[in-house]
Amino acid sequence: MTRFSQETPKDARERRVRTGGVELCVAELGDPGQPTVVLVHGYPDSKEVWSDVASRLAERFHVVLYDVRGHGRSTAPRPLRGGFTLEKLTDDFLAVIDAVSPDRPVHVVGHDWGSVQSWEFVTVKRTEGRIASFTSMSGPSLDHFGHWINKRVKRPTPRRVGQLLGQGAKSWYVYLLHTPVLPELAWRGPLGKRWPRILERIEKVPGGDYPTATLPTDAAHGAWLYRDNVRARLRRPRPDAYAHAPVQLITPLGDAFLSEKLYDELELWVPQLTRRTLPAKHWIPRTRPDQLAAWITEFVTTTEGGKSRVTATGKYADRFGGQLVLVTGAGSGIGRATAFAFAEAGARVVAVDRDAEAAARTAELSRLVGAPESWAETTDVSDEQAMEKLAEKVATEYGVVDVLVNNAGIGLSGSFFDTSPEDWKKVLDVNLWGVIHGCRLFGKQMAERGQGGHIVNTASAAAYQPSKALPAYSTSKAAVLMLSECLRAELAGQGIGVSAICPGFVNTNITSTARFAGVDAEEEKRRQKKSARLYGLRNYPPEKVADAILRAVVRNEAVVPVTPEARGAHLMSRFTPRALRAIARLEPPL
């Protein structure tokens, strides 16, 4: 077995496949008896771009990677001109799958130009029956693209013209690659040397041995992918480019080269389409291998028919499907509603609560509403050691959390002098230290993984709205708000977003369990009932807060007031703080 570079999985098996005057370097991982997943790389990459994804998929599948002709350790056609047409690339693909999976159809995954050519594979007649599914990322069908352009040219509207101009600006590199000689000189010269640093700085691609040493030659040869195919197909797109297999489209929202609008009418060409979006840039095989592996695994397994599950129906299913979400205080109220919202969006959910029965019920219901997997964990968020054990268990058994929702909290009302040191400690331990423990432990795991993530901290409108009746509670929530702002600044460079959610009066059981300092037990019960009745009359449902939480993650919002009174108080805190302080002096209606 030939030894690979450090970026290729060390247990890969190599073979050579001869086809059309070239010799392709093919690597295989995993059990050949399992479904075969073929990973097709893009430009200017070699198969090593898939190393991190391949090693994860190999635990479940027979994984195949190959260097496209003229790249990596595959030989180049002679002459180069005319040697990279989609027809010849399809010949190569068929030769590879005939060698590695002669009796079973394969699941194809393509990125960038690997996706462009894989669209050809999944829409031409001669591959029908040989492809079980196709996962596309950052690479459209040239035929679909051609029809997309023609529609906007022949039937222009301001919106369509704007889309056309926008994609035209993103495609600047395509024009350069059509120029003679210049791309080759650039790649074999300064661009080839600087490319790894460019990827690290702009795309946040982890450093190491990727790209491989063949990059300058690969990129020079790969220019013919564009020259041999782009103009011809865009001018005369095939009218019958319909997919004959299920397609999963993964769209990185920060892609500098491709507009999301390119896929607006994809359902016309793909009868069985699943859409996913990811807050990332173009090179997601390197920056988001965990998420890609999870989505590919789910899609392949579902297509193979080996796993039945409730289909996610939430409006954010394309964003959170397959992601791991941990919610504290998930046994009731906002926490339970948030767990359900993520479950409906297809996320895997870890429901954490100090009430074991309530956590188990949330996990059970999460599976029923759409979560492919959900688990219950019993933990007191104020207990540092318990949280450390939870973080270790979650990472070991479920994986690194993609979205953390620090929601657990308790209420306390009463004047400052009636609030004892023990009362202060209890409130701060749960409302503040619980958030600190979660951010420190799970946020650190996100940062060490290096694939981004999001932290949501439930604060309150009380964080910026002073009240003579809530000194301890308001202080704890103000601290959570500022902690969130500080963390947001610190973690932004690592692709980890942080949002502070600030609800106002929400109808949850925190009102009936809130404590009142300085009163006896009978008076405390009376105030709890009255508080619960007032919040019940307001009747703002926790489901709306949950929806705001998911929206905050999708939009990467910093501070999110929820409920009209929370938004009003937030505006007053910025523009009329004296009026807000005057309101703080009023006696609460208890």
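# Note on aromatic pairs, loops and one annotated span

1. The model is a predicted one, in which local features need pLDDT of at least 70 and side-chain atom pairs count only at pLDDT 80 or more, while totals for chains, interfaces and linings use all residues. Residues are numbered from 1 along each chain as its sequence is written, and side-chain values use heavy atoms, with hydrogens and water left out.

2. Ala395 belongs to helix α15, residues 384–397; helices (H or I, at least four residues) and strands (E, at least two) are DSSP runs numbered from the N terminus. From C-alpha to C-alpha, Ala395 is 29 Å from Gly110 in space, and the two are 285 residues apart in sequence.

3. A UniProt record, an unreviewed entry, annotates residues 323–504 as "domain: Ketoreductase"; UniProt positions follow the numbering used here, feature names are shortened, and annotations may be inferred rather than shown by experiment. In the model, this span is 49% helix and 20% strand, and its end C-alpha atoms are 29 Å apart.

4. How many aromatic pairs does the structure hold? There are 18, counting rings of Phe, Tyr and Trp (its six-membered ring) with centres within 6.5 Å; planes under 30 degrees apart are stacked, over 60 edge-to-face, and the rest tilted. Take Trp113 and Tyr226: their ring centres are 5.5 Å apart and their planes stand at 75 degrees, so this pair is edge-to-face. Trp113 sits in helix α3 (residues 113–123) and Tyr226 in helix α9 (residues 215–235), so the pair ties together parts 113 residues apart in sequence. Both Trp113 and Tyr226 are buried.

5. Phe320 and Phe342 also make an edge-to-face pair, 5.0 Å from centre to centre with 80 degrees between the planes. Because Phe320 is in helix α12 (residues 317–320) and Phe342 in helix α13 (residues 333–344), this pair ties together parts 22 residues apart in sequence. Phe320 and Phe342 are each buried.

6. Ring pairs also build a cluster, whose members include Tyr43, Trp113, Trp172, Tyr226 and Trp283. One of these, Trp172, is found in helix α6, residues 172–177, and is partly exposed at 47% relative accessibility. Trp172, Tyr175 and Leu176 make a nonpolar surface patch of about 350 Å².

7. Two arginines are worth a look from the ring side. Arg227 lies over the face of Trp224, 4.7 Å from the ring centre, and Arg286 over the face of Tyr210, at 4.4 Å. The test asks for NZ of Lys or CZ of Arg within 6 Å of the ring centre and within 35 degrees of the ring normal.

8. Where are the cis peptide bonds that join Tyr43 to Pro44 and Arg78 to Pro79? Pro44 is in the loop between β3 (36–40) and α1 (51–57), with omega of the Tyr43–Pro44 bond about 0 degrees. Pro79 is in the loop between β4 (62–66) and α2 (86–100), and omega of the Arg78–Pro79 bond is about -5 degrees.

9. Finally, two residues other than glycine have positive phi values: Val181, near 70 degrees, and Lys204, near 60 degrees. Val181 is in the loop between α6 and α7 (182–188), and Lys204 in the loop between α8 (190–203) and α9.

Conventions:
Buried < 20%, exposed > 50% of the residue type's maximum accessible area, 1.4 Å probe, protein only. Patch = residues over 30% accessible without salt bridge, like charges linked within 9 Å, V, L, I, M, F, W, Y side chains within 5 Å. Areas by Shrake-Rupley, 256 points an atom, 1.4 Å probe, with all protein chains shown as cover. Salt bridge = Lys/Arg side-chain N within 4 Å of Asp/Glu carboxyl O.
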